[in-house]
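Student: I'd like to learn how to read side-chain and helix packing in a structure. Could we walk through an example together?

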Amino acid sequence: MSALFWLLSYQHSLWRKTTRLHGSTQYLIYHINPRWYFAPMAPTRPPASTPPDAAPARLRVLATTDLHGHLLPHDYIKDRATQGTGLAGLANLIACARTQAAENTSGVLLLDNGDTFQGTPLATDLAYRKVTASHPIVAALNHLRYDAIGMGNHDLDHGLGYLQAVAGHLEMPYLGSNLTGIDLGPLRKSVLVTVPLPQEAPAPLKVGLLSLLPDQTAAWHSHHLGCGTSLQDAAPFVTTAAQDLRARGADIVIVLAHMGVGHHDSPDAEGQAAFALAKTGAMDALVLGHTHRRLPSADYATRPGVDIIASTVAGVPAIMAGHCGSDLGVMDLTLHHTSDTGWRVASHTCQLRANDADTPRDPAIVAIARTAHERVKTHLAQPVARTTQRLHSYFSLVTPASTQRLTARAQYNLVRDAIKGKAGGDLPVLAAVAALSAGGRGGPGNYVNIAEGPVLRRHIAGLTPFANQTIGIRVTGADLKRWLEHAALIFNRLSPSTADQFLVNPEIPPFQFDTIFGLHYQIDPSAPPHQRIADISHAGRPVPEDQAFILASNQFRVAGGGGYRPIPPDRIVACSTRPLGDAMIDTLHGNDTDPWEPLAPWRFAPLGGVTALIDTEPEALFCLGDIAHLSPEPCGATPEGFCRLRITL
């Protein structure tokens, strides 16, 4: 029986599980808030030809990913408690899952899939302090007795030296398998873990673990890692590395892949992501992350090659536990043993257990974090400047935001100062700014709103969530056109004859959408992809393809982040080491003038009254005057808590 049954549940219980027979098939019923799924306990691979020589064994794999420094359920940018998330809540889910495993004589592994040490002001504060065993994130991971930690790309945001110091105080292996060209010690390439099984088991269970970074990580962090660092292609690497682990005695291999599910038919390995790994057949299970999504969940109900009932990608058991501690991933593997093959996975089930408002917080984690938490809150409460207008990001996907203009001016100042007196220093300076804090997978609270009046350090932290170096590059008019066309891919293609179409493609994260300040242009979402940008002008004149500019951006974009073309090194003209947040504070103090016209850099092309739908934070209803030219109309709330608006183009 392979059909997916949906049963809406308005209860918010932590998790529930029963087994039920339907015909000859046993089903596991598990809750992924707020829906129930009926998941068949399907075999992972065909059973061995030799009958098992002992009773089956069980292994429970507990997985977290993309914690991003969230120890406590607290939003440091808005200085308020959150309804869920954080390692303090996950700790209780982990304890419960371990107790159940012990009752079922199941072995247990607790694994984390990276992006663990970056992402909150707390994590940033810790990165600038000496690492000791009392480092709160380190102490929390040690307290929970993780069996291994995988590296995520953002873990490198504060430099490799910081990660090496962290790894030196962790009481479990810290893995970075496909990063090469440098001495990673004390990070590990792989690890072989012996999992305790009941005494009557015919042999110990040995599990090989690998951790894989996204393909572009070395480029994104070349300023930290150096030009000699590279990443081995994930699929060929995992094939060889898994073979090596099995030769060393591994019965099964689990891969911590800091990447998303991907698409099976993508033309490149980066787009295929987990599919590229799964198709190798080299691993027995995948723990995924990076994209802040959830598997199993309805997110992938229509993705070819993904079975959200069995939670597989190309037939391989896979799980992805959200972000910031939103969920605990629980993968239960049933193992059969034969004298010929050793332990092999016979079947599996996967579930996500929600870390919500009803989840108790572990007092030990709260105590571990308390001192650093209070120190950071005090620091972030300090006023650093004033603003004479409200700064917010509520509508940054439909009109340039005031938060983006502030960021652009700060980037402009950093690059202008860096190129002064150098070749090309007289070229016009533009600035490309992403639509950060624009909802998306971060939910309806993922927006910045700074009221007129004092600007606090926490506001600046919200505007600069990543430790990104500001970079100046030499570009042409043709380059700018390509850049903007790529940014405009975030919009669905609208039909002029259809009302109330969704404007934004949810598969593309908002941070991929850049606005270039210093230009004026139109975006036509009814046009085909790569043909949507028109009427590009600078200083009132059309921009020819060969006109030269300096574009202020950041290390992530220059390295190709967000799918943009990587910039050759010979076109980089400036690298500022000064924090962007400091430049923002200077800009707010009014020590310079706005280098560009006050008009918005872009507008949608007029489409004769076509209506489209967008989602934003409910608080945005107080700022509808900022998009009066789009005739916004409230359309109620979405199940996720967004406010839906109708706009007219």
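Tutor: Gladly! Keep in mind that this is a predicted model.

Student: How are the rings of Phe-491 and Phe-604 arranged?

Tutor: Planes over 60 degrees apart count as edge-to-face. Here the planes stand at 75 degrees, with the ring centres 5.3 Å apart, so Phe-491 and Phe-604 make an edge-to-face pair.

Student: Where in the chain do the two partners sit?

Tutor: Phe-491 lies in the loop between α13 (477-487) and β29 (501-502), while Phe-604 belongs to strand β36 (residues 602-604). They are 113 residues apart, and the pair links distant parts of the chain.

Student: Which aromatic cluster includes Phe-604?

Tutor: One formed by Phe-491, Phe-513, Trp-602 and Phe-604. Within it, Trp-602 also pairs edge-to-face with Phe-604, at 5.1 Å between centres and 80 degrees between planes. Buried means under 20% relative accessible area, so Trp-602 at 1% counts as buried, and so does Phe-604 at 10%.

Student: Now helices. What describes two packed helices?

Tutor: The angle between their axes and the distance between those axes. In this model, α1 (residues 87-103) and α3 (residues 136-144) pack at about 10 degrees with axes 11 Å apart. Angles under 35 degrees count as roughly parallel, so α1 and α3 are roughly parallel to each other. Their crossing is right-handed.

Student: Which residues make the contact?

Tutor: From α1, Leu-87, Ala-91, Ile-94 and Arg-98; from α3, Ala-140, Leu-141 and Leu-144. By class, that gives six nonpolar residues, one charged and no polar.

Technical notes. Residues numbered from 1 in each chain as written. Predicted model: local features only at pLDDT ≥ 70, side-chain atom pairs only at ≥ 80, totals over all residues. Heavy atoms only, no water. Phe/Tyr/Trp six-rings, centres within 6.5 Å; stacked < 30°, edge-to-face > 60°. Helix = DSSP H or I, 4+ residues; strand = E, 2+ residues; numbered from the N terminus. Buried < 20%, exposed > 50% of the residue type's maximum accessible area, 1.4 Å probe, protein only. Axes fitted to C-alpha atoms, helices over the stretch in contact; angles between N-to-C directions. Parallel < 35°, antiparallel > 145°, perpendicular 65-115°, else oblique. Left-handed = near helix turned anticlockwise from the far one by under 90°. Contact = heavy atoms within 4.5 Å. Nonpolar A, V, L, I, M, F, W, Y, C, P; charged D, E, K, R; others polar.
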